[in-house]
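Please look at the sequence and the structure below before reading on.

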Amino acid sequence: MRRTGTTRRGALTATGALALGAVLTGCGGDDEGAGGKKPAHSGARATTAKAEKALREKAVRDGALLLARYDLVAEAHPATAAGLVPLRAAVAEHGKALAPPRAKGEPKGDKAPPAPAGPVSADPKAAVRELAAAERRRADAHTEALLTAGPELARLLASVAAAAAAAAYLLTELAEETAV
């Protein structure tokens, strides 16, 4: 007999679809005028561009920390690794989508992500719950950043915040299913 209701596999598939939608939402063209001409209000745009670049860089740094945390939990608790793989992949894709655009000739700047603070809990359920809390904080941070982001970045941040909230939910469910 087939089980009805939400299964972990179905929920993870839905999260993957959300993540893909978030990435595709962020893959639009720029809204600059044609011909490369700068508008008369380019001073205001430069300030806005700097603010958005700072928002993007912070989001990428926070995502790199979360990726490192996923890796630590999967390494410390191999039984949870299979459930973490799609969620970790979504975080990696969000980092790519949020990365600030590079100017021509600018070095790629592939820096090693900073190590996450603190050790991983010895209890697998607690470790996964900590990941869920980190995803909730990420969703909240992206939602708060919507207030200062431009329209295009705001749409991307909203999509990533929704995916992070879904990941937090899935991680909470995974923690309940994890055997001690």
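Between which helices is the loop in which Ala149 is found? Ala149 lies in the loop between α4 and α5. The model discussed here is predicted.

Is Ala149 buried or exposed? The relative accessible area of Ala149 is 16%, so this residue is buried, the cut-off being under 20%. Ala149 and Ala51 are separated by 98 residues in sequence, and their C-alpha atoms are 7.9 Å apart in space. When neighbours within four places in sequence are left aside, Ala149 is in contact with Glu52, Leu55, Ala154 and Leu157.

In soluble globular proteins, nonpolar side chains tend to be buried together. In this model, the largest nonpolar core has 17 residues, of which Leu66, Tyr70, Leu84, Leu87, Leu131 and Leu171 touch the most other members. Two or more residues of this core come from each of α2 (42-76), α3 (81-98), α4 (124-145) and α5 (151-177). A second, separate core consists of 10 residues, including Ala59, Ala145, Ala154 and Leu157.

Which residues does Leu131 touch, not counting residues up to four places away in sequence? Leu131 touches Leu66, Arg69, Tyr70, Val73, Leu84 and Leu171.

| Helix pair | Axes come within | Crossing angle |
|---|---|---|
| α3 and α4 | 13 Å | roughly 25 degrees |
| α4 and α5 | 8 Å | roughly 165 degrees |

Because the axes of α3 and α4 cross at roughly 25 degrees, and angles under 35 degrees count as roughly parallel, α3 is roughly parallel to α4. Their crossing is left-handed. On the α3 side, the contact is made by Leu84, Val91, His94 and Leu98, and on the α4 side by Leu131, Glu135, Arg138 and His142. Sorted by class, this contact of α3 with α4 has 4 nonpolar, 2 polar and 2 charged residues.

For α4 and α5, the angle of roughly 165 degrees is over 145, and therefore α4 is roughly antiparallel to α5. The crossing in which α4 passes α5 is left-handed. Among the α4 residues that meet α5 are Val128, Leu131, Ala132, Ala139 and Ala145. The α5 residues in this contact include Leu157, Val160, Ala164, Ala168 and Leu171. By class, the contact of α4 with α5 has 15 nonpolar, 3 polar and 6 charged residues.

Methods:
Residues are numbered from 1 along each chain as its sequence is written. This is a predicted model: local features need pLDDT of at least 70, side-chain atom pairs count only at pLDDT 80 or more; totals for chains, interfaces and linings use all residues. Side-chain values use heavy atoms; hydrogens and water are left out. A nonpolar core is a set of buried Ala, Val, Leu, Ile, Met, Phe, Trp, Tyr and Cys residues joined through side-chain atoms within 4.5 Å. Buried means under 20% relative accessible area, exposed over 50%, partly exposed in between (1.4 Å probe, protein chains only). Helices (H or I, at least four residues) and strands (E, at least two) are DSSP runs, numbered from the N terminus. Contact means heavy atoms within 4.5 Å. Axes are lines fitted to C-alpha atoms, for helices over the stretch in contact, and angles run from 0 to 180 degrees between N-to-C directions. Angles under 35 degrees count as roughly parallel, over 145 as roughly antiparallel, 65 to 115 as roughly perpendicular and the rest as oblique. A crossing is left-handed if the near helix is turned anticlockwise from the far one by less than a right angle, and right-handed if clockwise. Ala, Val, Leu, Ile, Met, Phe, Trp, Tyr, Cys and Pro count as nonpolar, Asp, Glu, Lys and Arg as charged, and the others, Gly among them, as polar.
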